[in-house]
Amino acid sequence: MDFNMKKLASDAGIFFTRAVQFTEEKFGQAEKTELDAHFENLLARADSTKNWTERILRQTEVLLQPNPSARVEEFLYEKLDRKVPSRVTNGELLAQYMAEAASELGPSTPYGKTLIKVSEAEKRLGAAERDFIHTASLSFLTPLRNFLEGDWKTISKERRLLQNRRLDLDACKARLKKAKAAEAKATTVPDFQETRPRNYILSASASALWNDEVDKAEQELRVAQTEFDRQAEVTRLLLEGISSTHVNHLHCLHEFVKSQTTYYAQCYRHMLDLQKQLGRFPGTFVGTTEPASPPLSSTSPTTTAATMPVVPTGAVLAPPEEAALCLEEVAPPASGTRKARVLYDYEAADSSELALLADELITVYSLPGMDPDWLIGERGNKKGKVPVTYLELLS
């Protein structure tokens with residue numbers, strides 16, 4: 001108990017000394033040991049990294065889960081080390097409502113059939129969104145959160161220790177400065193005419209006491225300087241590790257972009273397939289009330305208009321001169337051909353398009369007047385139009 005009381009008293013004394021030093025520094029009454037410029041730059045970069053990591057983390061969470069109540073619920077589950085329950089996405093919920101509406105309104109009617117087709121597409125979109133949220137959380141959010149809850153807490157702890165060591169060092173410097181000033185004053189030779197001989201003895205005694213105090217202060221200063229230098233080196237190594245953190249976050253950012261690209265490509269493919277399916281439905285209205293496009297060939301306008309199918313709004317329409325052009329007769333340009341890797345399977349909608357298989361290599365090029373979203377693709381002796389979004393241009 002006696003030992004604990006002594007330790008408590010010692011800790012209280014150290015805390016009081018640091019508080020006095022800190023207060024005097026704030027009022028400009030005490031000198032402060034400044035860190036070198038490189039160390040200050042490391043501290044500033046670490047603080048900036050922490051602040052922007054927090055902002056990016058919070059906004060990414062908003063992107064993946066816009067509902068604040070759901071985010072709070074997920075946060076509580078994580079803090080309690082419990083599994084977050086599976087949540088139905090908005091797309092899946094919309095798909096469920098559409099399927100129920102089609103069942104009640106009549107699945108055999110044009111409206112009911114369209115509702116069923118759209119509900120299936122929305123269900124696939126919801127599943128793609130669920131996969132994207134899961135992948136982005138693991139590959140991007142988790143590393144950022146680990147940095148804030150792990151590495152940054154360690155850095156903050158060592159920085160607080162460094163601050164305490166600096167206060168102790170500056171307090172020792174101030175104590176040594178005062179002791180030397182008192183020693184110099186005590187060793188001043190008194191005037192024989194104004195002092196008694198007895199004061200010589202007192203002056204010598206005081207001088208010896210202050211000399212011991214100076215020696216003690218110098219010893220404490222050396223110890224404080226050693227502890228400060230050691231803690232500064234530990235903190236410096238941790239701060240220089242921020243560069244490795246940036247490299248890790250860069251890799252995570254690439255993974256996030258990759259997962260987001262996959263998600264939006266899947267959404268585009270699902271909606272493109274849905275649009276094609278709706279365009280093939282007899283009696284299905286797709287698009288706005290704009291009049292149909294004029295005939296694409298020189299045949300009779302009446303015959304062409306009677307046989308031309310309804311084209312969905314937003315579908316790719318080839319210019320008249322391109323539609324009338326036979327692809328088999330088109331020769332590739334002398335320069336401008338490129339190799340491309342197919343990202344996803346693609347089913348040709350008509351004979352003018354080229355069916356694609358994922359990961360195959362084809363030759364592509366563009367023709368004057370073509371839609372920029374389409375290219376001419378060649379595979380062996382087969383040739384046809386291919387969508388740009390399904391390709392990765394290599395050279």
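Figure 1. The buried residues of H2 are Phe39, Leu42, Leu43, Ala46, Thr49, Thr53, Leu57, Thr60, Glu61 and Leu64; buried denotes under 20% relative accessible area, exposed over 50%, and partly exposed the range in between (1.4 Å probe, protein chains only). Helices (H or I, at least four residues) and strands (E, at least two) are DSSP runs numbered from the N terminus. The model is predicted: local features require pLDDT of at least 70, side-chain atom pairs count only at pLDDT 80 or more, and totals for chains, interfaces and linings use all residues. Residues are numbered from 1 along each chain as its sequence is written, and side-chain values use heavy atoms, with hydrogens and water left out. With 28 residues at 1.5 Å a residue, H2 should span 40 Å, which agrees with the 40 Å between its end C-alpha atoms; the expected span is 1.5 Å times one less than the number of residues. At the start of H2, the backbone nitrogen of His38 lies within 3.2 Å of a side-chain oxygen of Asp36.

Figure 2. Gln65 belongs to the loop between H2 and helix H3 (68–79). Its relative accessibility is 16%, and Gln65 therefore counts as buried. Apart from neighbours within four places in sequence, Gln65 is in contact with Ala70, Arg71, Glu74 and Arg87, where contact means heavy atoms within 4.5 Å.

**Figure 3. The largest nonpolar core and the surroundings of Phe140.** This core has 34 residues, and those with the most contacts inside it are Phe132, Phe140 and Leu239. A nonpolar core is a set of buried Ala, Val, Leu, Ile, Met, Phe, Trp, Tyr and Cys residues joined through side-chain atoms within 4.5 Å. At least two residues of the core come from each of helix H2 (37–64), helix H5 (110–186), helix H6 (198–240) and helix H7 (242–280). H5 supplies the largest share, 16 residues. With neighbours within four places in sequence left aside, the contacts of Phe140 are Ile56, Thr60, Cys252, Leu253 and Phe256. A second, separate core comprises 19 residues, among them Val364, Trp374, Leu375 and Leu391.

**Figure 4. The five-stranded open sheet.** The strands follow the order S4-S3-S2-S1-S5, with antiparallel pairing; two strands pair if DSSP finds at least two bridges between them. Strand S4 (382–387) and strand S5 (391–393) are the edge strands, each pairing on one side only. From one strand to the next, the twist averages 40°; axes are lines fitted to C-alpha atoms, and angles run from 0 to 180 degrees between N-to-C directions.

**Figure 5. Bridges between the strands.** S1 and S2 are antiparallel and share four bridges, with Arg341 opposite Leu361 in S2. Three bridges link S2 to S3, again in the antiparallel sense, and Thr363 has Glu378 in S3 as its bridge partner. Strand S3 (residues 374–379) is joined to the antiparallel S4 by six bridges; Arg379 is partnered there by Lys382. Four of the five residues of S2 are buried, so S2 is largely enclosed by the rest of the structure.

Figure 6. Asp359 is found between strand S1 (338–342) and strand S2 (361–365). Its phi is near 75°, a positive value in a residue other than glycine. Most residues other than glycine have a negative phi. Asp359 counts as exposed because its relative accessibility is 54%.

Definitions and conventions:
Polar contact = N/O pair within 3.5 Å; in protein donor to acceptor, adjacent residues only side chain to side chain.
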